[in-house]
Amino acid sequence: MIDVEDLIALVHNYNPRANADLIRRAYAYGFLMHDGQLRKSGEPYFTHPVAVAAILTEQHLDDATIVTALLHDTIEDTKSTYTEVARQFGQEVAELVDGVTKLTNLQLSSAESKQAENFRKLFMAMSRDLRVILVKLADRLHNMRTIRSMAPEKQAQKARETMEIYAPLAGRMGMQWMREELEDLSFKVLNPEARNSIIRRFITLQREAGDVVHKITADIHTELEKARIEADVYGRAKKPYSIWRKMQEKNLAFSRLSDIYGFRIITADVADCYRILGAIHQRWRAVPGRFKDYISQPKSNGYRSIHTTVSGRDGKRVEVQIRTRQMHEVAEAGVAAHWSYREGVRAQNPFAVDLAKWIASVTDRLDAEDNTDFLENVKLEMFTDQVFCFSPKGDVIQLPRGATPLDYAYAIHTRIGNSCVSAKIDGIRVPLWTRLKNGQSVEIITAEGQRPQASWIDIVTTGRAKAAIRRSLREEDRGRFVKLGQELARVAFDHVGRKVTDKALRTAAKMLGVSDENDLLARLGSAEITARRVVETLYPELAMSKAEEVDAKRPIVGLTADQNFRRADCCQPVPGERIVGITYPKRGVIVHAIDCAALEEFEEQPGRWVDLHWHAGRHAAVHTISLEITISNDTGVLGRVCTLIGEQRANISDLQFTERKPDFYRLIIDVDLRDVEHLHMVMTALEAESDVAQVSRYRDVTRKP
Ligand code: MN
């Protein structure tokens with residue numbers, strides 16, 4: 001184990017002004033807290049936090065980060081607490097340690113590849129400070145370096161996580177060396193055979209061709225000397241994993257793989273970079289399509305360098321990267337360069353990562369608004385517009401901020417959303433309008449027969465959920481309209497002595513340019529098309545005779561010329577409904593609907609019954625019926641109701657309130673109508689009005705005929 005003075009010396013190398021006392025206290029505290037704990041390897045546990053701190057010194061990180069590394073497992077694994085860490089080491093360190101603890105507690109194990117990107121974003125979202133991720137990456141790097149003492153199954157799981165989440169994360173942070181090492185350590189666990197075979201090929205190659213790296217380095221040096229440019233040249237064989245990946249991607253055997261060596265030329269200034277490029281291209285042929293100038297066009301993570309590939313010695317392809325020393329530092333440290341120290345001060349590197357640009361590149365957020373303050377504090381507020389939650393299986397679901405369990409349910413599947421009855425967050429039942437927070441696990445409880453409620457529209461924030469709810473509500477309406485349409489069609493067809501058949505409806509649908517019979521019925525029910533029009537379309541010859549106006553004075557067939565008649569007040573029959581007459585000696589005939597309850601008392605007097613039916617044709621709007629409606633007590637509602645009735649060309653002949661409550665009114669409106677179809681049109685129009693809670697035909701048997 002590195003002792004505390006050695007660790008301090010490592011820090012002092014790059015930051016002579018580092019707070020040695022603070023590091024000493026953190027070291028002593030961590031040592032004390034982890035006392036008695038052992039790693040799987042049998043070593044004292046505290047060797048791990050110290051090794052993590054040492055990795056971070058290689059990145060020249062600030063005191064707070066080094067101290068956080070020493071303490072990073074104390075809140076999680078020892079009796080230490082946030083408050084205690086804050087008291088002894090300050091708020092900044094406590095928050096950093098807490099951030100690392102939160103990441104450690106995430107259950108990543110069930111992550112599938114397609115989820116990895118979400119996990120990486122979740123990491124960012126949960127780490128309000130990038131240094132939390134730097135510590136976590138160093139932590140993972142050390143754990144991967146020492147993974148051999150773990151059980152094989154655990155090794156595989158950690159290696160997969162590392163390959164899918166941590167290594168790409170290191171890449172996005174701009175730390176290529178760490179990415180490569182994490183990948184290679186994982187590769188060693190996940191596919192040792194492949195890795196070994198690549199290493200064996202390297203050994204064979206070296207035996208055949210000698211030390212290629214050494215030879216090419218010498219070749220390059222010769223060219224640089226000729227051109228009188230000062231520069232360092234570093235060559236290396238590529239890591240087994242990146243070679244293996246190339247073999248997979250290009251489906252090539254190792255022997256056919258061309259660029260397995262990479263060279264770096266590091267020089268003093270930008271002008272030299274281009275002079276070196278010229279010298280290299282003059283000596284060796286450039287491979288077309290492989291030249292990239294990231295100096296004039298830096299990558300979003302701040303990376304600058306010139307890349308080219310040339311056909312070198314024996315036609316072997318060689319990749320060459322050319323950059324200045326400062327660019328090289330950024331390429332190695334990535335985002336970490338922002339905190340790195342040199343000679344006791346924050347390193348001022350003109351090529352250091354532009355955090356605003358970097359964050360924009362990670363978040364895909366294009367607007368780089370004025371967030372100078374935010375950059376000062378290095379708070380990762382970049383995901384404020386998003387929230388990441390877990391499914392019970394451990395999948396990460398990405399939602400916009402403000403999303404509720406209902407949005408989550410619809411994000412999983414429309415069916416889950418539609419049948420959602422309640423939700424649990426972290427195992428606790430919550431109302432559906434609860435706003436979700438990062439890292440929460442969400443469980444949706446569904447029930448068969450549950451339908452989306454109109455009120456859900458206001459609860460959800462995602463367009464997907466809103467669209468699904470609207471669609472479902474519309475379909476429900478449609479179901480009601482189809483039923484109503486069936487009833488209207490039956491009445492209208494009866495009227496002309498025909499039967500409603502699927503075939504007839506299908507034909508009518510086609511003739512009216514409607515997609516099918518169900519659509520036709522729905523349109524009938526919603527009064528978009530009248531039943532009369534359907535009948536006229538199918539039976540134009542009947543329509544001819546019907547087209548005439550029925551005499552308003554004699555609308556009923558079956559009465560003698562001298563018989564007076566009156567519609568019964570109890571059932572208020574209208575044309576289109578089946579009717580029957582009861583004769584009275586003086587008053588003539590009272591016309592009832594066939595199902596009127598008042599007819600019961602005449603059952604013993606068959607002599608008084610007269611068979612009647614309405615005249616075919618267009619009736620005048622003179623048949624009064626009563627509607628009972630309930631409306632909300634808001635300004636203008638009653639006026640709107642009257643307008644709606646008027647728009648249907650029906651006349652209101654009376655109106656009386658039966659109930660006045662603070663929030664609603666109930667009233668009976670008498671309306672003069674043509675026939676049953678007209679009645680349905682009026683009722684449909686009223687039902688569609690959102691302030692009408694209920695509308696029904698009012699039939700009062702106690703009203704004497
Ligand atoms: Mn750890």
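Because the model is predicted, local features are reported only at pLDDT of at least 70 and side-chain atom pairs only at pLDDT 80 or more, whereas totals for chains, interfaces and linings use all residues. Residues are numbered from 1 along each chain as its sequence is written, and side-chain values use heavy atoms, with hydrogens and water left out.

The manganese ion is coordinated by His48 through NE2, His72 through NE2, Asp73 through OD and Asp139 through OD, at 2.1 to 2.5 Å; donors here are N, O and S atoms within 2.8 Å of the metal (3.2 Å for Na, K and Ca), and since water is not among the atoms, sites may look incomplete. Along the sequence, these donor residues follow the spacing H-x23-H-D-x65-D. The pair of His48, in helix α3 (residues 47-58), and Asp139, in helix α9 (residues 130-145), links distant parts of the chain, 91 residues apart. Helices (H or I, at least four residues) and strands (E, at least two) are DSSP runs, numbered from the N terminus. His48 counts as buried because its relative accessibility is 1%, and Asp139 counts as buried at 5%, where buried means under 20% relative accessible area, exposed over 50% and partly exposed in between, with a 1.4 Å probe and protein chains only.

Two helices show how buried residues are covered by other elements. In helix α14 (residues 240-250), the buried residues are Pro240, Tyr241, Ser242, Ile243 and Met247, and they pack against α10 (152-172), α11 (176-190) and α12 (192-209), contact being taken as heavy atoms within 4.5 Å. After α14 comes Asn251, with a positive phi near 50°. In helix α16 (residues 325-333), the buried residues are Met327, His328, Val330, Ala331 and Ala333, and what covers them includes α11, β2 (261-267), α15 (270-283) and β6 (317-324). The residue that follows α16 is Gly334, whose phi is also positive, near 60°.

Strand β11 (residues 420-425) is joined to β13 by five bridges, and Cys420 stands opposite Thr446 of β13; two strands count as paired if DSSP finds at least two bridges between them.

β16 pairs with strand β17 (residues 588-593) in the antiparallel sense over six bridges, and a hairpin of three residues joins β16 to β17. Within this pairing, Gly581 has Val591 as its bridge partner in β17. β16 also pairs in the antiparallel sense with strand β18 (residues 609-611), over three bridges, and there Ile582 stands opposite Trp609.

As for the cysteines, the structure holds zero disulfides, a disulfide being a pair of cysteine sulfur atoms within 2.5 Å. The sulfur of Cys571 has its closest cysteine sulfur in Cys596, at 3.7 Å, which is too far for a bond. Cys571 counts as buried at 2% relative accessibility, and Cys389 counts as buried at 0%.

Gln572 lies in the loop between β15 (565-567) and β16 and has a positive phi of about 45° although it is not a glycine; at 5% relative accessibility, Gln572 counts as buried. Arg228, in the loop between α13 (212-226) and β1 (231-237), likewise has a positive phi, of about 55°, without being a glycine, but Arg228 counts as exposed at 74% relative accessibility. Thr537 belongs to helix α25 (residues 531-538) and counts as buried at 18% relative accessibility. Its side chain reaches the backbone oxygen of Arg533 at 2.5 Å, and, not counting residues up to four places away in sequence, Thr537 touches Met511 and Leu512.

Terms used
A polar contact is a pair of N or O atoms within 3.5 Å; within protein, one must be able to donate a hydrogen and the other to accept it, and residues adjacent in sequence count only if both atoms are side-chain atoms.
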